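Here are a few notes to read alongside the model, chain by chain.

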Amino acid sequence: MRNCALKLCRQPMRAPSSVFLDFLAPSTVKYSQCRHASTTAGTAGEPKPRYVLSKEQREFMDSALRVNQAGELAATLIYTAQTPQIVRSYPHLRPLMKHMYDQEAGHLKTFNGLVAKHQVRPTAMYPAWEVAATFLGWSTAALGREAAMACTEAVETEIGSHYNDQVREILSWEADAERRGEELDEELKDMLATFRRIRDEELEHLDHAVANDSKEAKPYDPLVDVIRFGCRTAIKISEKI
Amino acid sequence: MAHLARTLPRRALPTQLTPYLRRAQALSTITIQPTPQRTRPTPTPTPNQPKTPLAQLRTYHSTLHPRLPDHEYTNSQTAILTAALDHVPAHGFTSTALTLGARDAGFLDVSVQLLPRGEFDLILFWLASRRGLLRGKVEEGGLFRRIAAEKGKDVYELGVEERVRGLLLERLRMNDEVRHVWQDALAQMSLLSNIPLSLTELHALASDILTLSGDASVDAAWYTRRLAVSAIYASSEVVMTRDPTPDLSETAAFVERRFEDRQAIADKFTGLGQCASFGWNTAVGLGRSWGLKI
Amino acid sequence: MSSRSAWRALHYSAKRRAFQPPTPYRCFSCTTRAQSKPEDERMTHFGFTNVPESEKETRVGAVFSSVAASYDRMNDLMSLGIHRLWKDHFVRSLNPGSCLPALTADQRGWNILDIAGGTGDIAFRMLDHATNINHDMETRVTISDINADMLAEGRKRSLDTPYYNTNRLSFVEANAEHMPHIPDASVDLYTVVFGIRNFTDKQAALNEAFRVLKPGGVFACMEFSKVDNPVLDGIYKRWNFSAIPLIGQVVAGDRDSYQYLVESIERFPSQEEFRGMIQKAGFMIPGQGFENLTGGIAAIHKGIKPIVKA
């Protein structure tokens with residue numbers, strides 16, 4: 001059903017109304033021409049025609065990149081706020097915290113690059129998430145190592161499942177492209193690989209947190225539930241604005 | 001990992017859209033347009049159009065995919081509007097210009113019914129098409145070289161700020177030929193029902209100018225910069241309608257002053273922010289050195 | 001009329017509604033039922049009852065013959081006068097008449113065909129607009145109606161207008177589904193206001209409109225439609241099924257005709273469905289394709305005939 005709908009949505013995109021647009025946006029013509037060139041050259045051995053994204057798929061990528069950037073921003077800020085207090089009480093955790101922070105900082109850099117490259121609007125809640133994430137990191141660290149790790153566990157669970165959803169969505173496009181004898185463009189393939197790598201790293205953080213007694217956090221269930229609910233809400237908001 | 005097996009995110013694909021799309025496909029009518037003698041199906045607009053059919057909010061952009069068009073007018077609408085723009089300097093953004101455009105494009109007087117918003121459609125089309133033209137100029141590559149040459153610099157030395165300024169002035173100059181009728185257009189745009197679309201278009205222009213200038217802000221600055229460019233552009237447009245100089249030098253001077261103001265304000269805010277964060281970090285550091293668990 | 005009988009009438013109509021068999025909605029563009037039983041005579045709806053297609057025309061004719069004289073007074077009462085605002089808006093948005101000098105002689109003035117415009121209220125408005133606003137003395141309107149009584153009413157009213165006995169106004173008795181006397185591609189503007197819901201075969205009428213219109217010509221239709229706001233819809237339905245037949249009984253002494261009117265309103269396709277029918281006839285749809293008036297009680301639909309149909 002979904003694929004059928006997507007196919008239908010794609011149809012209007014196939015015939016760009018370039019007759020009278022030529023003078024408006026030469027880029028439209030240029031790109032569509034080079035696309036046609038690649039489409040006609042789709043014989044055996046040649047590169048397959050490129051899978052054209054529908055408007056809905058573009059919107060999905062738009063909100064996905066926006067959410068991911070906001071999520072990684074929040075993650076770096078949480079670790080930044082947690083690290084001094086944790087390391088002060090448990091110096092042996094310094095390398096772990098640094099490792100996790102470095103990875104998150106790397107993710108943020110990746111997504112900042114992607115957001116700029118694909119001209120995605122960053123979330124309007126940017127300053128709000130900054131404050132919220134710093135507060136979350138600081139307050140859980142103040143509650144102790146277990147609470148901080150429970151926070152990491154909760155956040156990474158949400159983020160990991162979110163990345164998983166995105167990977168699954170792009171994979172469904174890939175399957176769709178396969179069916180039509182087309183293939184995803186390089187950028188999307190790279191992005192798919194990036195999402196997968198980052199998802200695995202986030203889940204690795206989750207394992208570290210569990211290994212460091214996150215389950216020992218004192219009010220474990222309410223704490224984790226509240227944080228996860230907050231994450232889900234933030235994701236929902238960032239998808240839209 | 002049971003939680004990972006959650007359903008796919010609910011996508012923004014309205015279910016009621018599907019039957020219309022199917023129907024629209026089955027019914028797409030064929031028109032022959034006057035200028036290039038080619039037959040092509042008119043892209044029947046997805047009937048369930050969003051409230052803002054023009055300059056839809058930016059979405060995912062990729063050099064590997066064609067850019068979405070600057071507006072969503074159909075071919076026939078575009079034909080009438082394009083022809084009508086020729087009559088704008090003489091008749092203004094009026095229904096007269098639209099009717100003459102319809103006649104030029106081979107339509108009847110009554111065919112202006114194709115444009116439900118009437119004159120405002122003409123204004124929006126002017127804005128959207130000039131925006132596309134501006135992008136075209138930049139992508140051809142000559143525009144920044146010219147701006148750099150005016151400042152006596154090499155094109156690589158041109159900063160983002162200078163590029164933004166240059167593009168903004170260039171866009172204002174495009175309005176030169178309709179300067180005498182632009183006040184009416186501004187009045188139309190500020191009508192209550194037209195404000196949302198006017199603002200969308202203004203945002204699209206500011207966004208285009210910044211993107212083309214190479215601005216890569218990905219945080220809250222994304223918003224403040226677009227706001228600043230929009231504000232400067234909108235106020236300069238008003239100044240331009242009263243600018244008696246033929247080469248728009250007064251408007252150019254006004255734009256320069258606004259950019260200086262913007263810089264001054266931005267500097268103040270940065271200074272304040274730095275001051276606050278310094279104070280905060282000092283306080284936290286002091287607290288920690290006293291042994292507070294913060 | 002005593003309040004008791006008014007109450008009884010309200011009560012009666014409410015009950016009557018409850019007894020209606022739940023007939024499934026069926027629009028003409030997808031006559032699956034008719035196709036499944038080709039040996040039977042094709043049925044169509046007359047209000048909430050189904051009648052053979054051949055019979056609908058006469059029955060609608062009987063309704064309008066009986067309401068012709070009191071038509072405008074009744075409209076005022078039923079719509080609380082709002083129908084005048086709608087009609088004024090409709091004509092103003094169409095802006096009939098050329099305010100510019102024509103390039104060639106045959107382009108002078110618009111050739112307007114007002115279908116189901118028997119009493120002429122739209123036709124006179126359009127001529128007034130063309131004359132007074134656009135200073136166009138050439139635009140002509142042909143009023144076409146299937147019902148001789150409505151046309152007679154329109155002729156009578158035209159006596160009071162400056163267009164009486166000029167070539168700018170003419171009356172034709174014709175069925176809008178089949179108008180052989182009107183040549184192909186001869187009409188600039190085709191209007192049908194609160195009429196198309198009474199047509200037996202709406203799609204055929206739309207196809208005929210497409211035929212007679214010049215390329216670039218406009219099909220404009222105002223018709224009762226579906227209210228999108230549930231609260232307003234509730235009030236509106238109540239008004240329709242309780243008050244309007246009652247008013248018909250009191251003022252025109254004809255309950256059944258007005259009962260038919262409200263039932264036919266209920267049966268008319270929604271905005272989106274009707275837009276689909278217009279597209280199916282071959283028209284281009286400007287923008288959203290319809291404009292809701294007073295929350296969707298009425299809607300203006302427009303379609304433009306493409307320049308060249310391949």
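**Notes on the three chains**

1. A word before the details: this is a predicted model. Please read the points below with that in mind.

2. Let me start with the overall make-up of chain A. Of its 241 residues, 39% count as buried. Among the contacts in chain A with a separation of 6 or more, 81% are between residues 24 or more positions apart.

3. An unreviewed UniProt entry places the feature "binding site" at A:Glu104, A:Glu156, A:Glu202 and A:His205. These positions span 102 residues in sequence, yet no two of their C-alpha atoms are more than 11.1 Å apart, so they gather at one spot. UniProt also lists A:Glu72, A:Glu104, A:His107 and A:Glu202 for "binding site", again from an unreviewed entry. That set is spread over 131 residues of sequence but clusters in space, with a largest C-alpha distance of 10.2 Å.

4. Where do A:Glu72 and A:Glu104 sit? A:Glu72 belongs to helix α3 (residues 55-89) of chain A, and A:Glu104 to helix α4 (residues 94-117) of chain A. A:Glu72 counts as buried because it has 23 C-beta neighbours inside 10 Å, and A:Glu104 counts as buried with 25. Leaving out residues up to four places away in sequence, A:Glu72 touches A:Glu104, A:His107, A:Leu108 and A:Phe111. With that same exclusion of residues up to four places away, A:Glu104 touches A:Glu72, A:Ala75, A:Thr76 and A:Tyr79.

5. Now to helix α7 (residues 186-211) of chain A, which holds A:His205; A:Glu202 is placed in helix α7 of chain A as well. Are these residues buried or exposed? A:Glu202 is buried, with 27 other C-beta atoms within 10 Å, and A:His205 counts as buried with 23 C-beta neighbours inside 10 Å. Not counting residues up to four places away in sequence, A:Glu202 touches A:Glu156, A:Ile159, A:Gly160 and A:Tyr163. For A:His205, the contacts beyond four places in sequence are A:Met100, A:Thr152 and A:Glu156.

6. Where they meet, 13 residues of domain 1 of chain B are in contact with 14 residues of domain 2 of chain B. On the domain 1 side, the elements giving two or more residues are α2 (75-85), α3 (88-91) and α4 (95-104) of chain B. The largest share, 3 residues, comes from α2(B). By type, the residues on this side divide into 10 nonpolar, 2 polar and 1 charged.

7. The UniProt annotation "domain: Ubiquinone biosynthesis protein COQ9 HTH", from an unreviewed entry, covers residues 77-102 of chain B. That span is 81% helix and 0% strand, and its end C-alpha atoms lie 9 Å apart. Elsewhere, B:Ser217 lies in the loop between α9 (195-212) and α10 (221-241) of chain B, and counts as partly exposed with 17 C-beta neighbours inside 10 Å. Setting aside neighbours within four places in sequence, B:Ser217 is in contact with B:Trp222 and B:Arg225. The C-alpha atoms of B:Ser217 and B:Leu227 are separated by 13 Å.

8. Finally, the sheet in chain C. What is its strand order? It is an open sheet of 7 strands, β5-β4-β3-β6-β7-β9-β8 (chain C), with mixed pairing. At the edges stand β5 (169-173) and β8 (290-293) of chain C; each has a single partner strand, so one side of each is left without a neighbour in the sheet. Neighbouring strands are turned by 15° against each other on average, direction ignored.

9. Strand β4 (residues 140-145) of chain C pairs with β5(C) in the parallel sense over 5 bridges, and C:Ile143 stands opposite C:Phe171 in β5(C). Helix α7 (residues 148-158) of chain C packs on the sheet, touching β4 and β5 of chain C, and its direction makes about 165° with that of β5(C). Helix α6 (residues 121-133) of chain C lies across β3 (111-115), β4, β5 and β6 (187-193) of chain C, running at about 175° to β4(C).

Technical notes:
Residues numbered from 1 in each chain as written. Chains lettered and ligands numbered in written order. Predicted model: local features only at pLDDT ≥ 70, side-chain atom pairs only at ≥ 80, totals over all residues. UniProt positions renumbered as here; feature names shortened; annotations may be inferred. Helix = DSSP H or I, 4+ residues; strand = E, 2+ residues; numbered from the N terminus. Buried ≥ 20, exposed ≤ 12 C-beta atoms within 10 Å, placed from the backbone. Contact = placed C-beta atoms within 7 Å. Nonpolar A, V, L, I, M, F, W, Y, C, P; charged D, E, K, R; others polar. Pairing = 2+ DSSP bridges. Axes fitted to C-alpha atoms, helices over the stretch in contact; angles between N-to-C directions.
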